[in-house]
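Visitor: Hi! Could you walk me through this structure and answer some quick questions as we go?

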Amino acid sequence: MSIGIKEIEEKVKETIIDQLNITEEEYSLEAAFIDDLGADSLDIVEMVMAMEDIFDIEISDEDLEQIQLVKDVVDYLKQRLS
Amino acid sequence: MNPSRKRVVVTGLGTVNPLGNCLADTWAAICAGKSGIASISKFDTTHFTTKIAGEVKDFDPLLFVSPKEYRRLDNFIVYALASAEMAAHDANLEITEQNAERTGVIIGSAIGGLTTMEREKETILNSGPRRMSPFTIPAALANLAPGNVAIRLGAKGPISCVVTACAAGNNAIADAARLIADGYADVMIAGGTDAAVSPLAVAGFNAMRAISTRNEEPEKASRPFDAERDGFIISEGSAIVILEELSRAQDRGAKIYAEIAGSGSTSDAHHIAAPPPGHPGAARCMALALQDAGLEVSDVDYINAHGTSTPLNDLYETEAIKALFKEQVPLPAVSSTKSMTGHMLGAAGGIEAIISVKAITEGVIPPTINLDHPDPQCDLNYTPHKPVKRDINVVMSNSFGFGGVNSVLVFKKFTE
């Protein structure tokens, strides 16, 4: 699967805004899911499942545990999909 | 009756049900003798024997929950949140840091998040267990209705969920009133909720031959005490009351709808689903409730019957009422408002509590609609077709459930 970095960033942004019901202004790559975006651990599981669907990959629980900031997701996907 | 126990009054009412999405619309529909039953819209009923139900209509969940919350809640929780919020608003209830620990929640449900369980089972079959939503379990557990209501309103007192099938709402209100009467809480948010218009529930009740198959005439399908009744109608919704210790309600100048005078609880110890002939457990339960309330059979003006429209319930409930009231003249008026709401399962006791309270405050005995051909064996005054204006002081509300559960509440006009 070949996907551009820009496209990854856009899809991640769109998904996070939708899943966490946040505004575009609240979204930033530096935002922490729990402290800044009001998510809990179940929200993160649900969001990661959405990413798995969108990018057609499987994300292990070990990898899931490393995710704290929005940019962790973007970086992870860039690495997995490049 | 324990003489030192505190008096408990009803100060707020809220509901979402097949007749309306607020108290005013619901009561107007009851007084107009409307049916809330229609063809099922929630799923394809092609291969189902029963194709009708009492669905909640034109309800906007986003008035009560965010889109994010809505995705992860089963409707039985959403209906409870909406009803609890409306009831708290109606009561002008302010839950603060000072009173939160004396404010509790007991909401009953017959089958909780059945719809969520069905959907997520399909997820496993179609996409595998790894695709299961992490919100499946918290959306499905029955006690997540009171759990979410407590979170939303900030109630930190006693919390529980009664799961006694079709008596759950009544049991919840009875238990909540006792907690206040015995001094364990000052305010209780109590009632019932269910959202089981789902393939599994409809097919399951069909398999028991428990629900009506009058698919061509949905509005006439719920016909308690009528000779042509052929089963109950599954309905969904929630109904919540705010119960309050009397002096607290008076101190804050709350509007008082009525007093909960007492309750009774008995078991048939007979059969998983059917009541025994004559339903002696129901008669005993009504007698205990009156005794608990310190009242006599002659004090009862109106009985809001369980009246499910099943052949057995309506006959045996009639026999139980007659056994208790014997030669009492005049016999109290009876009606089954399930003729209009359908059977809201765990929420039935909640909506019938609200209707009982409104009957007292409005001086109106709600009707039993569709009683076109009275069953000769059901020979009480069921208030057919139209409501009757009358001064009402004492109302008894019956709920019976699978598993042989009987629960009776007694409401009384409030006087100092």
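Guide: Happy to; we can start with the chain as a whole and then turn to details, keeping in mind that this is a predicted model.

Visitor: Good. How many helices and strands does chain B have?

Guide: Chain B has 13 helices and 14 strands.

Visitor: And what are the spans of its C-alpha trace along the principal axes?

Guide: Along those axes the C-alpha trace of chain B spans about 65 × 55 × 40 Å.

Visitor: How does the radius of gyration of chain B fit with a compact globule?

Guide: It agrees, because a compact globule of 416 residues would have a radius of gyration near 22 Å, and chain B has 20 Å.

Visitor: What share of the residues of chain B count as buried?

Guide: Of its 416 residues, 56% count as buried. On the contact side, take the pairs in chain B with a separation of 6 or more: residues 24 or more positions apart account for 80% of those contacts.

Visitor: Now chain A. At what angle do helix 1 and helix 2 of chain A pack?

Guide: Helix 1 (residues 5–20) of chain A and helix 2 (residues 41–55) of chain A pack at about 140 degrees, and their axes are 10 Å apart.

Visitor: Which residues make the contact?

Guide: From helix 1 of chain A come Lys11(A), Thr15(A), Ile16(A), Gln19(A) and Leu20(A). Helix 2 of chain A brings Asp43(A), Glu46(A), Met47(A), Ala50(A), Met51(A) and Ile54(A). The residues of this contact between helix 1 and helix 2 of chain A divide into 6 nonpolar, 2 polar and 3 charged.

Visitor: I also clicked on Ile34(A). Where is Ile34(A) found?

Guide: Ile34(A) is in the loop between helix 1 and helix 2 of chain A.

Visitor: Is Ile34(A) buried or exposed, then?

Guide: Ile34(A) is exposed, because 12 other C-beta atoms lie within 10 Å and a residue with 12 or fewer counts as exposed. Leaving aside neighbours within four places in sequence, Ile34(A) is in contact with Ala39(A) and Asp40(A). Ile34(A) and Asp56(A), 22 residues apart in sequence, are 25 Å apart in space, C-alpha to C-alpha.

Visitor: Back to chain B. How do helix 10 and helix 11 of chain B cross?

Guide: The axes of helix 10 (residues 280–293) and helix 11 of chain B come within 8 Å and cross at roughly 45 degrees. Helix 10 and helix 11 of chain B are therefore oblique to each other, and their crossing is right-handed.

Visitor: Who meets whom in helix 10 and helix 11 of chain B, and what are the residues?

Guide: Pro280(B), Ala282(B), Ala283(B), Met286(B) and Ala287(B) in helix 10 meet Glu317(B), Ala320(B), Ala323(B) and Leu324(B) in helix 11 of chain B. The residues of this contact of helix 10 with helix 11 of chain B divide into 8 nonpolar, no polar and 1 charged.

Visitor: What about Lys322(B), where is its place?

Guide: Lys322(B) sits in helix 11 of chain B. Lys322(B) counts as partly exposed, because it has 16 C-beta neighbours inside 10 Å. Lys322(B) and Asp379(B) are 57 residues apart in sequence and 9.4 Å apart in space, C-alpha to C-alpha.

Methods
Residues are numbered from 1 along each chain as its sequence is written. Chains are lettered from A and ligands numbered from 1 in the order in which they are written. This is a predicted model: local features need pLDDT of at least 70, side-chain atom pairs count only at pLDDT 80 or more; totals for chains, interfaces and linings use all residues. Helices (H or I, at least four residues) and strands (E, at least two) are DSSP runs, numbered from the N terminus. The radius of gyration is taken over C-alpha atoms; the globule rule is 2.2 Å times the number of residues to the power 0.38. A residue is buried if 20 or more other C-beta atoms lie within 10 Å of its own, exposed if 12 or fewer, and partly exposed in between; C-beta atoms are placed from the backbone. Two residues are in contact if their C-beta atoms, placed from the backbone, lie within 7 Å. Axes are lines fitted to C-alpha atoms, for helices over the stretch in contact, and angles run from 0 to 180 degrees between N-to-C directions. Ala, Val, Leu, Ile, Met, Phe, Trp, Tyr, Cys and Pro count as nonpolar, Asp, Glu, Lys and Arg as charged, and the others, Gly among them, as polar. Angles under 35 degrees count as roughly parallel, over 145 as roughly antiparallel, 65 to 115 as roughly perpendicular and the rest as oblique. A crossing is left-handed if the near helix is turned anticlockwise from the far one by less than a right angle, and right-handed if clockwise.
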